[in-house]
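Here is a short report for a reader new to this structure. Look over the sequence and the model first, then read on.

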Amino acid sequence: MDQTTFLVFGATGRTGHHLVRLALEEGHRVRALVRDPARLAIVHPDLEVVSGSIAESPDLDALLIGTDFVVAMLGNAAMQRERSINAEFARELVPAMRRHGVSRFLYQAGGLSAPPGTRLPLALRLVRASIARANTGQHEDNEAVMRYLVDEAADIEWIAHRAAIGSDGPSKGVLRRSERRSSIATFRDCAEYDLRTVTDASAVHTCDLSTYHTP
Ligand SMILES: NC(=O)c1ccc[n+]([C@@H]2O[C@H](COP(=O)([O-])OP(=O)(O)OC[C@H]3O[C@@H](n4cnc5c(N)ncnc54)[C@H](OP(=O)(O)O)[C@@H]3O)[C@@H](O)[C@H]2O)c1
């Protein structure tokens, strides 16, 4: 198997730490930008941990050297109530990717974020306005990222995954990409999906959901 290098944002998060572990288990290299390295409880010769915050203009040129794939599983609900921090970061990341000829980027958003030019189904709009209201800033930021990618980054091979996640339990199966169907998945399964899907050319320029495959 070819050893590829993944640049990971959100490696200490609930999806991100699974993705880092799975990528290393598959024999890949991982470079992770983290605010607090002590929060990443993984030590591995193929894991490079870089301290920094996406909100403080990290040295993306250094981070992108030798990178094959970029995966972002970022969230900061408190800050995202005030600012679209992820969309601001995407506006720094994409030009840096262009400078380095790195094209493939998977961004994990959520199933309560509508892809550009679409509206969520009524049931999801109701969920978003009620029990998920505390995360409105996060949903809006995820929508701003997708809008930026659609409108201004057609030259980049971006993929948005609108994940629906219910627990940090063990695997419930294999997630497949779907335009309309969504399963409440585990963080681990979303991480496995992200890792597989970022290398899948057929997923480029999609903002799809994911659903468990039933043979
Ligand atoms: N959680 C869910 O139920 C759920 C469901 C569906 C979709 N999603 C979406 O999936 C994505 C990831 O969610 P998650 O729940 O896996 O994430 P999470 O557990 O909330 O972790 C977020 C990650 O982002 C990092 N981060 C936040 N601010 C940062 C900054 N300024 N600089 C660098 N890193 C920063 C955090 O680092 P620290 O460790 O330093 O905080 C952490 O690693 C989000 O877009 C979310 O909307 C989540």
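Where is the place of H205? H205 sits in the loop between α7 (187-197) and β10 (207-212). Helices here are DSSP runs of H or I with at least four residues, strands are runs of E with at least two, and both are numbered from the N terminus.

## About the model

This is a predicted model: local features need pLDDT of at least 70, side-chain atom pairs count only at pLDDT 80 or more, and totals for chains, interfaces and linings use all residues. Residues are numbered from 1 along each chain as its sequence is written.

## Loops and positive phi

Most residues other than glycine have a negative phi, and most peptide bonds are trans. H205 is not a glycine, yet its phi is positive, near 65°. H205 is partly exposed, with 13 other C-beta atoms within 10 Å. The cut-offs are these: a residue is buried if 20 or more other C-beta atoms lie within 10 Å of its own, exposed if 12 or fewer, and partly exposed in between, with C-beta atoms placed from the backbone.

S57 also has a positive phi, about 40°, although S57 is not a glycine. The loop between β3 (47-51) and α2 (60-64) holds S57. S57 is exposed, with 11 other C-beta atoms within 10 Å. S202 lies in the loop between α7 and β10. S202 counts as exposed, with 8 C-beta neighbours inside 10 Å. From S202 to I159 is 43 residues in sequence, but 9.6 Å in space, C-alpha to C-alpha.

## Around the ligand

How many residues surround the ligand? There are 25, and the closest are T12, G13, T15, G75 and G110. β5 gives the most, with 3 residues.

The shell divides into 9 nonpolar, 12 polar and 4 charged residues. Ala, Val, Leu, Ile, Met, Phe, Trp, Tyr, Cys and Pro count as nonpolar; Asp, Glu, Lys and Arg count as charged; the others, Gly among them, count as polar.

## Two helices side by side

Take helix α4 (residues 85-100) and α6. Their axes come within 7 Å and cross at roughly 25°. Axes are lines fitted to C-alpha atoms, for helices over the stretch in contact, and angles run from 0 to 180 degrees between N-to-C directions. α4 and α6 are therefore roughly parallel to each other. Angles under 35 degrees count as roughly parallel, over 145 as roughly antiparallel, 65 to 115 as roughly perpendicular, and the rest as oblique.

From α4, the contact uses I85, N86, A87, A90 and R91. From α6, it uses D141, N142, A144, V145, Y148 and L149. Two residues are in contact if their C-beta atoms, placed from the backbone, lie within 7 Å. The contact residues divide into 7 nonpolar, 2 polar and 2 charged.

## The nonpolar core

In soluble globular proteins, nonpolar side chains tend to be buried together. A nonpolar core is a set of buried Ala, Val, Leu, Ile, Met, Phe, Trp, Tyr and Cys residues joined through C-beta atoms within 7 Å. The largest one has 54 residues, and V8 and V71 touch the most other members. α4 gives the most to this core, with 6 residues.

What does V71 touch, leaving out residues up to four places away in sequence? The list is F6, V8, L19, L106, D194 and V198.

## Buried strand residues

L7 lies in strand β1 (residues 5-9). L7 is buried, with 27 other C-beta atoms within 10 Å. Neighbours within four places aside, L7 is in contact with R31, L63, L64, T67 and V70. A72 is 65 residues from L7 along the chain, and their C-alpha atoms are 8.4 Å apart.

L209 belongs to strand β10. L209 counts as buried, with 22 C-beta neighbours inside 10 Å. Its contacts beyond four places in sequence include R162, A164 and R181. R162 lies in strand β6 (residues 157-163). R162 is buried too, with 23 C-beta neighbours inside 10 Å. Beyond four places in sequence, R162 is in contact with A109, G110, G111, S113, C207, D208 and L209.

Notes
A residue is near a molecule or strand if its C-beta atom, placed from the backbone, lies within 6 Å of it.
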